[in-house]
Every structure is written in structure tokens, then in C-alpha cells.
Amino acid sequence: MKIGPILGKKCPRCEKVGMFSGWFRMHETCHECGFKYEREEGYFTGAVMFSSIFTTFLITPIWFWVMLEGYSFWYIFLAALIPSIIISPLVFQYSRVVWLYMDFKIFHPE
């Protein structure tokens, strides 16, 4: 599995066309090969797991640093919340991309 198309958020089948038309808007199908991204209602529920994992890995170093510095609870809370909100569009997109690639390349290859 190539990492370039994943980082470029390209279609898992043809690896040519981007899957998103906005921060939170995903195309229904690939414009190049016709691959349908959302297979059924609730298909991307599994992507929530990746979203949680990505956010945890990105926020944990900040959280540990602020905790070790001895800041108050609210400072620690905001130090985790604000970056989480800022990175949410990126995490949202990549969690869907990784979910689609895993499903297409590993679980249901054509």
C-alpha cells in the first residue's frame, strides 16, 4: 500500500482523484473510476476509532508537557481542547481516508 495517495486523500481504487470537496464534505463517488465511498448508512462509524487514535497521539504530548509543568486543571483542559478543535478537520478527513483504504485494500480487495 502506497502512502502518497493516502496523504493526498486520493481514491483508494484509482489513486488519482481527491475524495473531499471541502473540510467536511466528501464526494459520494470518485469522478475518475466511479468508486462509491460510503457503502451504506453508518459506513464511516469505524472511522471514529481512527479519529480518536489520531487525536490522542497528537494531543498527548501537549497534555503531558502542560501537566508536568504543574499548571491548573483548567489550563490543562484548555491545552488539550483548543488543539483538538483546531486539528479536527484534518483528523476527520484522514480518519475516513484510512478507514476506506483499510476496507478496500485489506478487507474487501477487488
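Visitor: Which backbone oxygen does the side chain of Gln-93 reach?

Guide: A polar contact is a pair of N or O atoms within 3.5 Å; within protein, one must be able to donate a hydrogen and the other to accept it, and residues adjacent in sequence count only if both atoms are side-chain atoms. Here the side chain of Gln-93 reaches the backbone oxygen of Gly-22 at 3.0 Å. This is a predicted model, in which local features need pLDDT of at least 70 and side-chain atom pairs count only at pLDDT 80 or more, while totals for chains, interfaces and linings use all residues. Residues are numbered from 1 along each chain as its sequence is written, and side-chain values use heavy atoms, with hydrogens and water left out.

Visitor: Where is Gln-93 found, and is Gln-93 buried or exposed?

Guide: Helices are DSSP runs (H or I, at least four residues), and strands likewise (E, at least two), numbered from the N terminus. Gln-93 belongs to helix α3. Buried means under 20% relative accessible area, exposed over 50%, and partly exposed in between (1.4 Å probe, protein chains only). Gln-93 has a relative accessible area of 4% and is therefore buried.

Visitor: How many salt bridges does the structure hold?

Guide: A salt bridge is a side-chain nitrogen of Lys or Arg within 4 Å of a carboxyl oxygen of Asp or Glu. The structure holds two. In one, the side chains of Glu-15 and Lys-2 meet at 3.6 Å, N to O. Glu-15 lies in the loop between α1 (4–7) and α2 (47–68), and Lys-2 in the segment before α1, so this pair ties together parts 13 residues apart in sequence. Glu-15 also forms a salt bridge with Lys-105, with the closest N and O atoms 3.2 Å apart. Because Lys-105 lies in helix α3 and Glu-15 in the loop between α1 and α2, that pair ties together parts 90 residues apart in sequence. Lys-2 counts as exposed, at 54% relative accessibility, whereas Lys-105 is partly exposed, at 30% relative accessible area.

Visitor: What does α3 span between its end C-alpha atoms, and what would a straight helix of 35 residues span?

Guide: The expected span of a helix is 1.5 Å times one less than its number of residues. A straight helix of 35 residues would span 51 Å, but α3 spans only 43 Å. The bend at a residue is the angle between axes fitted to the seven residues ending there and the seven starting there. α3 bends by about 55° at Ile-87, and Pro-89 follows within four residues.

Visitor: Where does the kink in α2 lie, and what span should its 22 residues have?

Guide: The kink, of about 35°, lies at Ile-59, shortly before Pro-61. The 22 residues of α2 should span 32 Å, which agrees with the 32 Å between its end C-alpha atoms. Ile-59 is buried, as are Ala-47, Phe-50 and Val-66 in α2. Thr-56, also in α2, is partly exposed, with a relative accessible area of 46%.

Visitor: Which residues form a nonpolar patch on the surface?

Guide: Patches are made of residues with over 30% relative accessible area and no salt bridge; like charges are joined within 9 Å, and nonpolar side chains (Val, Leu, Ile, Met, Phe, Trp, Tyr) within 5 Å. Accessible areas come from the Shrake-Rupley method with a 1.4 Å probe; for residues, only the protein chains shown count as cover. Phe-73, Trp-74, Phe-77, Leu-78, Leu-81, Ile-82, Ile-85 and Ile-86 form the patch, with about 850 Å² of accessible area together. Phe-77 lies in helix α3 (residues 73–107) and is partly exposed, at 38% relative accessible area.
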